[in-house]
Amino acid sequence: MSQTLTVALPRRATVVGFFQRYGVYLAIVIVLVVNLAVTPNFFTLDNVRVQLVQVVPVLIVALGMALAIGTEGIDLSVGASMALAAAVIPLYIGYGVVPAALIALACSLLIGLANGVMIAVIGVQPIVATLSLMVAGRGIALLVAGEQLRSVTDPGFLALGRGAIGPLPWSVLIAAVLVAIVAVLVSRTTFGKQLVALGGSRRAAELAGLPVRRILLVTYLLSAALAGVAGVIGTARLGASVPSTLGNLVELSAITAVVVGGTPLSGGQVRVIGTVAGALLLQLITATLVKHDVSDAYSQIAQAVIILLAVYIQRGRAVQR
Amino acid sequence: MTAIDPAAGPSTSAQVWRERLAGLAQTYGAAVVLVVLLVVGSIAFPAFPTASNLANIATQSSFLLIVGVGMTFVILTGGIDLSVGSQYALGGVLAAYGSAWGLGGGLLLPLVVCVVIGLVQGAIVAYGGLAPFIVTLAGLLGVRGLVLALTGGGSSTPLVTDPALSALGQGGVAGLRWPVFIALAAVLVGSVLLLRSRGGQAVLAVGGSESASVLMGLPVARVKLTVYTVSGVCAGLAGALTAAYTSSGVPTVGVGLELSAISAVVIGGTLLVGGRGNLVGTTAGVLLLTVIQNLINQVGSLTSSVQAVVSGGFLAVVVILQTVLARTQRL
């Protein structure tokens, strides 16, 4: 039956649909092939590792962003959550790696809680609610850190950012586990189904008796927690807590990764693997441009064009429906 | 907006008053808080109410206010323009380059380029049907890239060579610099257009209900195209005036300016969903942000982090109040 349906579809629609579904993977393949041809030493183990390690913070933040966007929301405060987590680390690293990391996560959860209460309980629009915390959160992080850069020298903590098991860096492993958890959360749990339903139609979700407020609250808590993890890993990689710059503009990269990965801004869908691919694609493009000494200026312009193209292709999907 | 909702049922006079009060608070809330802050600031800090300090506040506000005027128009249609910070920087850099051809070149070059950028973004939003957030996010990245490309990766800072252009930024009358008057003119012209012209009413209608506007036969696409162009012009003008004021086009200015502008517009009582708001509110919102910054500087021991916390917290309080008030009106 599904076969006849496919045949019955107009040809153009299938082509467009194919690009919508697999465009980001296709783009990754193209970038890889191009690099195979023009970039020496691109496919070395070292370079692959470097690329993976570099994509980790944006990727982890993008996972939470995908959830927020899935509810037809957005989370601009992720950079502030990262900064706050980073600011707290040097204060508590004396108690050990795990307690310090947990306290850092708890602090970023506070930002998520503030977002969640404003959005879910009071009903403020996500973009302004998280904008206010984006501004205030970084200020708080700077105050907590006493407005200075502090180096973190705990070897166990640094291993989190620089260590590896065999060929696999710890940070990449953590990111992989988080991707798996979020993927299962979205596709296999009640919460995931409710989140997608809420994003599809809030009114319908309310009428169906879904716990709309709780879903929204948990979504923004998750987004902040994931950003906190990214902040901890970023700090471990730098070997220093830099709340003034860590996570600056990460919200833009994360949103881009999510959208390029095929999750529509209008909510009702969360594509976790697409988000991973989106983050990887952006990283690969940046790396390619850097390796060929293309200036930052043109790589930003290239990113802008890619965002527009990705969203333009998706718009086709909305029209079909 | 909701007063004529037939589902609301008969309203008692107490309800009517509460609604009216909520509406007033939403429109004039920022202005009232501003007056309170000015009074408290004057009492607490003797250096605050001096003529030179107030003139300083006016100058600092003027650039953000010009950007805010354009942003208000965009937000009134239910859209958003994240590219203004980058366009502001571009405006400054181009004004400095253009000043080689005199005052005309220094003003025309940034304005023409920003008109083109605004038109492109507006066309993609209006005719391409893409979300304004994404289109202008791409604009934020792309235009900043353009600025970097023009200035050798942001390493060179072109200087304003034309004395007339510098005079436009630094000169003035009655202790106030020209940018202040230009900003006030922008508010005045914008308000008249918004409230008294067909196009301005169309902006409010599109933001109020886009589908209804289409059914009424309003040129929705043209309205959207226009507001993004206006926003681009405003950002470019503000950038050019900043360059005139500082005698140089600094390529790294304006990062995060879009967020300040959005904050000011929202604090001024303009709803982010569109259809409701005004430029007087935006003026109050901009002044509030600048006065908060100035007061924190007066304290002396406080830093820009405290300022960030206060500004962010203030925005949160305002949007929470707005949401609660809007709910009161709906009842």
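Of the 321 residues in chain A, 47% are buried. Please bear in mind that the model on display is a predicted one. Chain A contains 14 helices and 4 strands, and its C-alpha atoms fill a box of roughly 65 × 55 × 35 Å along the principal axes.

Among contacts in chain A with a separation of 6 or more, 78% join residues 24 or more positions apart.

I now turn to the contact between the chains. Chain A contributes 36 residues and chain B contributes 36 residues. On the side of chain A that touches chain B, the elements giving two or more residues are helix 5 (97-122), helix 6 (126-144), helix 12 (250-260) and helix 14 (296-320). Which of these gives the largest share? Helix 6 of chain A does, with 13 residues. By class, this side of chain A has 25 nonpolar, 7 polar and 4 charged residues.

Finally, let us examine one helix pair in chain B. Helix 11 (residues 257-267) and helix 12 (residues 279-299) of chain B pack with their axes 7 Å apart, at an angle of about 120°. The two helices of chain B are therefore oblique to each other, and helix 11 passes helix 12 in a right-handed crossing. Residues making this contact include B:Ser260 and B:Val265 of helix 11, together with B:Gly285 and B:Leu289 of helix 12. The residues of this contact divide into 6 nonpolar, 4 polar and no charged.

Methods
Residues numbered from 1 in each chain as written. Chains lettered and ligands numbered in written order. Predicted model: local features only at pLDDT ≥ 70, side-chain atom pairs only at ≥ 80, totals over all residues. Buried ≥ 20, exposed ≤ 12 C-beta atoms within 10 Å, placed from the backbone. Contact = placed C-beta atoms within 7 Å. Nonpolar A, V, L, I, M, F, W, Y, C, P; charged D, E, K, R; others polar. Axes fitted to C-alpha atoms, helices over the stretch in contact; angles between N-to-C directions. Parallel < 35°, antiparallel > 145°, perpendicular 65-115°, else oblique. Left-handed = near helix turned anticlockwise from the far one by under 90°.
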